[in-house]
Amino acid sequence: MTLNLCVLTPNRMIWDSKVKEIILSTNSGQIGILPNHAPIATAVDIGLLRIRLNDRWLTVALMGGFARISNNEITILGNGAEISTDIDPQEAQQTLEIAEANLSRAEGKRQAIEANLALRRARTRVEAVKVISY
Amino acid sequence: MSSSHLSIFPSHKLSHLSSHSSLSSLSSFLPSPLAPTTPRPSTTIHCSLRDLRDRIDSVKNTQKITEAMKLVAAAKVRRAQEAVVSSRPFSETLVEVLYNINTQLQTDDIDVPLTKVRPVRKLALVVVTGDRGLCGGFNNAVLKKAESRIAEIKVLGLDFIVISVGKKGNSYFLRRPYIPVDRFLDLGNLPTTKDAQAIADDVFSLFVSEEVDKVELLYTKFVSLVKSDPVIHTLLPLSPKGEICDINGVCVDAAEDELFRLTTKEGKLTVERETVRTPTPAFSPILQFEQDPVQILDALLPLYLNSQILRALQESLASELAARMSAMSSATDNAIELKKNLSIAYNRQRQAKITGEILEIVAGAEALT
């Protein structure tokens, strides 16, 4: 059996083709999905999505959302997603530093929440780039 | 791009000519869809040959500009529509998933903050306008609708606050300090997820903190290239069914899209339309929830909110461009007509002058013999 993965963001379709296996960071931890997985629906956290094509692993930085698995069809709806090869490492690192600085300066609950989210997004992007480098 | 065109207008020496006839001011090129268009009075043109020549030149220039703006708008409409279409798979799947999860959850008693219906004491109105003028009554129509909605809210004795999106709306509300505005937002050229996210974050925090009890979105719905309607949607509380409804509860989700394509026909650019219908795949009814249903809805509903706002922004942009296109198209037509009338007057005068000169010469010659 083959597994079909479809990653959608509000702007465009990031991915729509067959994969061997994926690892997804959900709200309750990472789960691996192989063909013939039981149908589930899960909320997806801000984190890495690892995709295996034959023996090659690809990393996608996923900005949270929702995933549905049924009948060997995986549909991921995300706020945003970037394949690691599309991310500029320097730019990602800079964004991370800015986000860290913003968090330390944040005042009030609302700002703190926003800064925290921005930091997590930035960290995920940096992680996605680093995974590929080793 | 079109702003660079706008700056050209004042450089034409229209002002010194305007005393001759009201026709030479630029506003007369533009149709005013709000006011019924009065038939053009057949004015007789009194001015010297040189003035006429200048006016013909300036009308020619204006015509070129409006023609160019029309084409630019037409090309941009296409881009705006492509953006709508490329976001379509996402919103379609989202609505479908939301609907299915809701049918599964209907028996459960769940409490999601975004769907909570509270007695309304204060209302937030998100008004989406364009960034530029010269697009007929587009911005006016939205702002008029906003005014009438505000009047309605006042009659009901409710408190309200406005969130203004777009430069035209911003300057309108800035000039009216008696309308409370929470935030002024600007959009770029093409609405992106980030723009939608900014609005969604604002609306979300207002609603969740119970500062407002209802959020309405006022934007221009794109019906077709020649028709667009300002509509009001209830954005929050979200209807748990996952469909967008207007204030009367009528569903306004569009099932099919019309696509416009710019083509050439007999040497002129024209616009073709085609209808696209997206099929909805079947959904497997048995699903396990990895987390609490509440958590899943919490993840889904903000996504839904964002995609709704993004969609509204995209439709508003498409409507603006379509409005500009038709405004510029009639401006071009008017310019052509004016140019024709002026040319006739010019030719008449020139002929009369030549005839007069010949008569003088003949008379002079006759007097000599």
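According to an unreviewed UniProt entry, the annotation "domain: ATP synthase F1 complex delta/epsilon subunit N-terminal" covers residues 3-80 of chain A; positions from UniProt are given in the numbering used here, feature names are shortened, and such annotations may be inferred rather than shown by experiment. The structure is a predicted model, in which local features need pLDDT of at least 70 and side-chain atom pairs count only at pLDDT 80 or more, whereas totals for chains, interfaces and linings use all residues. Residues are numbered from 1 along each chain as its sequence is written, and chains are lettered from A and ligands numbered from 1 in the order in which they are written.

Helices (H or I, at least four residues) and strands (E, at least two) are taken here as DSSP runs numbered from the N terminus. By that count chain A has 2 helices and 8 strands, and reading along the sequence gives the pattern β-β-β-β-β-β-β-β-α-α.

As for the overall dimensions of chain A, its C-alpha trace spans about 50 × 30 × 25 Å along the principal axes. A compact globule of 134 residues would have a radius of gyration near 14 Å, and the 16 Å of chain A agrees with this; the radius is taken over C-alpha atoms, and the globule rule is 2.2 Å times the number of residues to the power 0.38. Buried residues make up 34% of the 134 residues in chain A, where a residue is buried if 20 or more other C-beta atoms lie within 10 Å of its own, exposed if 12 or fewer, and partly exposed in between, with C-beta atoms placed from the backbone. Two residues are in contact if their C-beta atoms, placed from the backbone, lie within 7 Å, and among the contacts in chain A with a separation of 6 or more, 52% join residues 24 or more positions apart.

Chain A is divided into domain 1 (3-84) and domain 2 (87-133), with bounds that come from an automatic or database domain assignment. The C-alpha centres of these two domains of chain A lie 22 Å apart, and the contact between them takes 9 residues from domain 1 and 10 residues from domain 2. On the domain 1 side, β5 and β6 of chain A each supply at least two residues, and β6(A) gives the most, with 4 residues. By class, this side of domain 1 has 5 nonpolar, 3 polar and 1 charged residues; Ala, Val, Leu, Ile, Met, Phe, Trp, Tyr, Cys and Pro count as nonpolar, Asp, Glu, Lys and Arg as charged, and the others, Gly among them, as polar.

We turn next to the interface between the chains. Here 26 residues of chain A are in contact with 25 residues of chain B, and the elements that give two or more residues to the chain A side are β5 (40-53), β6 (56-70) and β7 (73-78). The largest share of that side, 5 residues, comes from β6(A), and by class the chain A side has 10 nonpolar, 13 polar and 3 charged residues. β5(A) also pairs in the parallel sense, over 2 bridges, with strand β8 (residues 288-289) of chain B, pairing being assigned if DSSP finds at least two bridges between two strands. Within this arrangement A41(A) stands opposite F289(B) in β8(B).

Chain B has 7 helices and 8 strands, and of its 369 residues 33% count as buried. Residues 24 or more positions apart account for 73% of the contacts in chain B with a separation of 6 or more. One of the residues of chain B, A80(B), is found in helix α2 (residues 49-86) and is buried, with 26 other C-beta atoms within 10 Å. Leaving aside its neighbours within four places in sequence, A80(B) is in contact with Q314(B), L317(B), A318(B) and L321(B). The C-alpha atoms of A80(B) and P191(B), which are 111 residues apart along the chain, are separated by 8.9 Å.

Finally, two backbone angles deserve a look, given that most residues other than glycine have a negative phi. N72(A), in the loop between β6 and β7 of chain A, has a positive phi near 60 degrees although it is not glycine, and N72(A) counts as partly exposed because it has 17 C-beta neighbours inside 10 Å. L134(B), found in the loop between β1 (122-128) and α4 (138-155) of chain B, likewise is not a glycine and has a positive phi of about 50 degrees, while its 22 C-beta neighbours inside 10 Å make L134(B) count as buried.
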